[in-house]
Amino acid sequence: KRRDWEKMVHIQQKELVLLDNPAQKMEQLLDIARTAVSKIKKNSLSIELWNQVIATDPTNHEALEQLEGLLEREKEWAQLANVLRTLTEVEKDNAKKVQYLIKLGALFSDKLEDPKSAITAWEQLYRLDPENRRAQDALNKLYLVVGDMESLQEFYAKQDKWGEFVRVLEKESETAEGAQRSTLL
C-alpha cells in the first residue's frame, strides 16, 4: 500500500512541472505534502515536500508546523532552529509564540550549544512575557556563561532586584579565579 502512495506522490510531483498557475501549483504541492505525511509516513520525503512549500512560500504556517514536528523527530537541530525562528516571527497567537521561543531557547542551549543565539531567543521571550520564570532563569545562567556582566546587571536593574544581583555575583566570585574574581567582587 505504502509503495502505491509513494508512486502516486512521485507522479504528482512530476505533474507539478506542467502546471503554470502558481496558486494551482501551490495547492497541488500542499496536497502532495499532506498525502506524504498521512499515508506514506516517511519523514525524509515529507521534509523534502514541506521544504518545497517553504521555498515557494517561506511563511506558510502549515508547512512550518509540519516541519517543526518532522525535524524534531529526525533530530535535525539546525534546520529546526530556522523553522522555529520563522514561526516566532509569523505567529500571531502570543501563547504559541511563547511556546516556540521556549523551544528555540532550549534548542540553542541544549542541542546546538550556541549560548549567544539562546540569549537572543530568551530575551525575545522575556520582552514578550517578563514574568516567565524559564526566560528569567535561562538569561541569568546564560549571561554568566558568556560573561556578559553588563547585560546581567541590566537584567536585574529592570526588575529592581539588586540584592539578588549581589548574591549572584558573590556566588560566582567563590569559584572564579584571578582577574575574573576581582571583577566580580
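Reader: So, are α6 and α7 roughly parallel or roughly antiparallel to each other?

Author: Keep in mind that this is a predicted model. In it, helix α6 (residues 94-111) packs against helix α7 (residues 115-128) at an angle of about 155°. Angles over 145 degrees count as roughly antiparallel, so that is what α6 and α7 are.

Reader: How far apart are their axes?

Author: The axes of α6 and α7 are 8 Å apart.

Reader: And which hand is the crossing, left or right?

Author: Left-handed, where α6 passes α7.

Reader: Ok, which residues in α6 and α7 meet?

Author: From α6 you have N94, K97, V98, L101, I102, L104, G105, A106, F108 and S109. They meet S117, A118, A121, W122, Q124, L125 and L128 in α7. By class, that contact has 11 nonpolar, 5 polar and 1 charged residues.

Reader: Switching over to α9 and α10, at what angle do they cross?

Author: Roughly 150°, with the axes of α9 (residues 149-159) and α10 (residues 162-175) coming within 8 Å. α9 and α10 are therefore roughly antiparallel to each other. Their crossing is right-handed.

Reader: Who makes the contact there?

Author: On the α9 side, M149, L152, Q153, Y156 and A157. α10 brings W162, E164, F165, V168 and L169.

Reader: How do those divide by class?

Author: The contact of α9 with α10 has 8 nonpolar residues, 1 polar and 1 charged.

Definitions and conventions
Residues are numbered from 1 along each chain as its sequence is written. This is a predicted model: local features need pLDDT of at least 70, side-chain atom pairs count only at pLDDT 80 or more; totals for chains, interfaces and linings use all residues. Side-chain values use heavy atoms; hydrogens and water are left out. Axes are lines fitted to C-alpha atoms, for helices over the stretch in contact, and angles run from 0 to 180 degrees between N-to-C directions. Helices (H or I, at least four residues) and strands (E, at least two) are DSSP runs, numbered from the N terminus. Angles under 35 degrees count as roughly parallel, over 145 as roughly antiparallel, 65 to 115 as roughly perpendicular and the rest as oblique. A crossing is left-handed if the near helix is turned anticlockwise from the far one by less than a right angle, and right-handed if clockwise. Contact means heavy atoms within 4.5 Å. Ala, Val, Leu, Ile, Met, Phe, Trp, Tyr, Cys and Pro count as nonpolar, Asp, Glu, Lys and Arg as charged, and the others, Gly among them, as polar.
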